[in-house]
Amino acid sequence: MWIGILLVCVFMTDASSCEVKVNTTTNYVSRDACTGEMTGIAKYAASYLGITTRLYCFSLDKNIFDRLA
């Protein structure tokens, strides 16, 4: 399972203007599916809302906590 995350910044020169937005409505079956949909969301936010975005897709496999230990 994959989740999509956007880093959204109002000002490129001010890190305090940035927020992390997690797509909690969709869990993707592959990285390609995640990147495909999140790219569209990032482009929309950049074009119509005038904010800087960067997308990330993370795998949430069942062994994620084993890798963090």
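Me: What counts as a salt bridge?
Reply: A salt bridge is a side-chain nitrogen of Lys or Arg within 4 Å of a carboxyl oxygen of Asp or Glu. This is a predicted model, where local features need pLDDT of at least 70 and side-chain atom pairs pLDDT 80 or more, while totals for chains, interfaces and linings use all residues. Numbering runs from 1 along each chain as its sequence is written, and side-chain values use heavy atoms, without hydrogens or water.

Me: How many salt bridges does the structure hold?
Reply: One. Lys21 pairs with Glu19, and their closest N and O atoms are 2.9 Å apart.

Me: How exposed is Lys21?
Reply: Lys21 is partly exposed because its relative accessible area is 43% (between buried, under 20%, and exposed, over 50%, with a 1.4 Å probe and protein chains only). Glu19 is partly exposed too, at 46%.

Me: New topic! Where is Ser17?
Reply: Ser17 lies in the loop between strands E1 (2–9) and E2 (18–22); strands (E, at least two residues) and helices (H or I, at least four) are DSSP runs, numbered from the N terminus. Ser17 has 15% relative accessibility, so it counts as buried.

Me: What does the Ser17 side chain reach?
Reply: The backbone nitrogen of Phe11, at 3.0 Å.

Me: And where's Asn23?
Reply: Asn23 sits in the loop between E2 and helix H1 (31–48). Asn23 is buried, at 13% relative accessibility.

Me: Which residues does Asn23 touch?
Reply: Leaving out residues up to four places away in sequence, Asn23 touches Gly4, Tyr28, Glu37, Met38 and Ile41 (heavy atoms within 4.5 Å).

Definitions and conventions: A polar contact is a pair of N or O atoms within 3.5 Å; within protein, one must be able to donate a hydrogen and the other to accept it, and residues adjacent in sequence count only if both atoms are side-chain atoms.
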